[in-house]
Amino acid sequence: MASDLSVILPRVLIVSRRSLRKNKFVDFVGEYHLDLIVSYGAVPVIVPRVRGVHMLLESFEPIHGVLLCEGEDIDPSLYEEAEASGLSPEELEEIKRVHASDTAIDREKDSIELSLAKLCLERNIPYLGICRGSQVLNVACGGTLYQDIDKELSKKCPEGERVAHIDYDNYDGHRHVVEVVENTPLSDWFRESLEPENKKILVNSYHHQGVKKLAQRFVPMAFAPDGLIEGFYDPDAYNPEEGKFIMGLQFHPERMRKPDSDEFDYPGCPSAYQEFVKAVIAYQKRLNSSIAVPRSLKLNHEEMEKKRKIILRSFSLAKDIYTAGNELDPIKKSELEAGAEFLESNTALSLVQENRLKQMGATVRNGNWYIRKLKLNEERERLAREVMGKMSVEQLSDLLSFYHMMGQICSEVLERKQIDMNC
């Protein structure tokens with residue numbers, strides 16, 4: 001039974017973060033994330049941040065959910081030009097000194113995570129972004145980021161509204177206030193902890209960047225006193241019971257725990273993970289139903305035997321016409337249709353099958369057409385390979401995602417039609 005759980009349970013992809021240890025790079029993911037995913041009934045699948053993985057993402061299929069979390073700053077060229085921030089070269093150098101561990105751009109991780117985010121948006125795969133993961137989601141949808149909150153946002157705020165979003169000396173214990181927006185998932189999760197006239201909670205955060213321009217499809221769920229968006233979601237893609245969940249949280253609910261304890265600061269802290277996994281499970285069920293083996297038509301043995309005899313009669317008639325060289329009797333023309341339709345619906349023939357059908361004369365009407373179609377397919381494949389060879393990795397990835405989506409839609413429509421036929 002245990003060996004089957006990896007097949008039964010839904011899979012959540014999590015991209016690792018690279019760190020230097022003993023002069024070697026190691027990949028890791030925070031255990032708080034993994035524990036919560038497992039505890040609510042999904043299997044975390046770690047995608048290693050190594051060169052070339054962004055080209056191999058289809059190898060991680062099936063993907064039922066994606067959780068993206070910590071990491072370095074996103075390459076600013078992916079959302080705006082460097083000069084758009086208004087920061088001087090001196091200020092940019094100072095930011096690199098102050099936040100040395102976070103400003104080392106990791107383009108490979110950027111490529112992997114942006115590809116996964118776009119895949120989730122295309123297929124409506126449940127997505128939860130924590131900290132950097134929320135920024136990746138916003139950038140994937142056309143939003144922008146502050147390259148440094150202190151330099152671009154805090155300096156414009158009155159002294160009493162400035163917020164420390166990061167404390168290198170108090171990683172887990174650091175807290176700051178956020179105001180929760182009413183009638184959002186976040187307000188539902190923390191409702192019993194929010195006062196009627198004070199919709200504020202203390203959150204843990206560890207970031208020096210954040211959402212500057214929120215992508216159009218998203219709605220804010222929380223704000224820091226300095227105005228920074230601390231959480232957002234897509235209301236049109238949020239219904240965990242139906243497998244819909246697209247959300248980003250800038251703060252870290254998984255780390256909001258009491259000192260030296262696993263007890264959460266608020267009962268609502270793990271809700272983001274709980275609802276996310278609920279959506280992942282629902283998405284898996286929906287996906288499985290759409291790609292299930294099509295139900296066979298309800299044909300009894302007598303009906304199947306009748307169809308078989310009609311097709312054989314068609315082939316036999318074609319053979320007689322071929323060997324005798326006689327013209328086709330208009331009355332018998334309809335009898336040839338069954339064999340022709342059979343061939344047109346079964347063009348992927350083995351060499352043995354093709355030779356056998358030729359012996360039976362079944363290719364009298366269909367043979368030349370079939371050969372022409374094979375040659376045409378070969379030519380189309382050659383041209384397709386030639387065109388795709390000139391495409392970029394990103395273009396090929398987008399093309400693959402599009403055809404995967406179309407295949408899923410075709411499967412769903414096909415299943416509905418077969419159900420209608422069986423009713």
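Of the protein's 423 residues, 43% count as buried, meaning under 20% relative accessible area, with exposed over 50% and partly exposed in between (1.4 Å probe, protein chains only). The model is predicted: local features need pLDDT of at least 70, side-chain atom pairs count only at pLDDT 80 or more, and totals for chains, interfaces and linings use all residues. Residues are numbered from 1 along each chain as its sequence is written, and side-chain values use heavy atoms, leaving out hydrogens and water.

There are 13 helices and 13 strands, taken as DSSP runs (helices H or I, at least four residues; strands E, at least two) numbered from the N terminus. In strand β6 (residues 127-130), Y127 and G129 point one way, L128 and I130 point the other way, and all are buried. Strands pair if DSSP finds at least two bridges between them. Strand β5 (residues 65-68) runs parallel to β6 and is joined to it by three bridges; L68 stands opposite G129. Four bridges join β6 to strand β13 (residues 244-249), also parallel, and there G248 is the bridge partner of G129.

The whole structure holds seven aromatic pairs, that is, rings of Phe, Tyr and Trp (its six-membered ring) with centres within 6.5 Å; planes under 30 degrees apart count as stacked, over 60 as edge-to-face and the rest as tilted. The ring centres of Y168 and Y206 lie 5.7 Å apart with planes at 85°, so this pair is edge-to-face. Y168 lies in the loop between α6 (149-152) and β8 (176-180), and Y206 in the loop between β9 (200-203) and β10 (210-213), so the pair ties together parts 38 residues apart in sequence. Y168 is partly exposed at 37% relative accessibility, whereas Y206 is buried at 16%.
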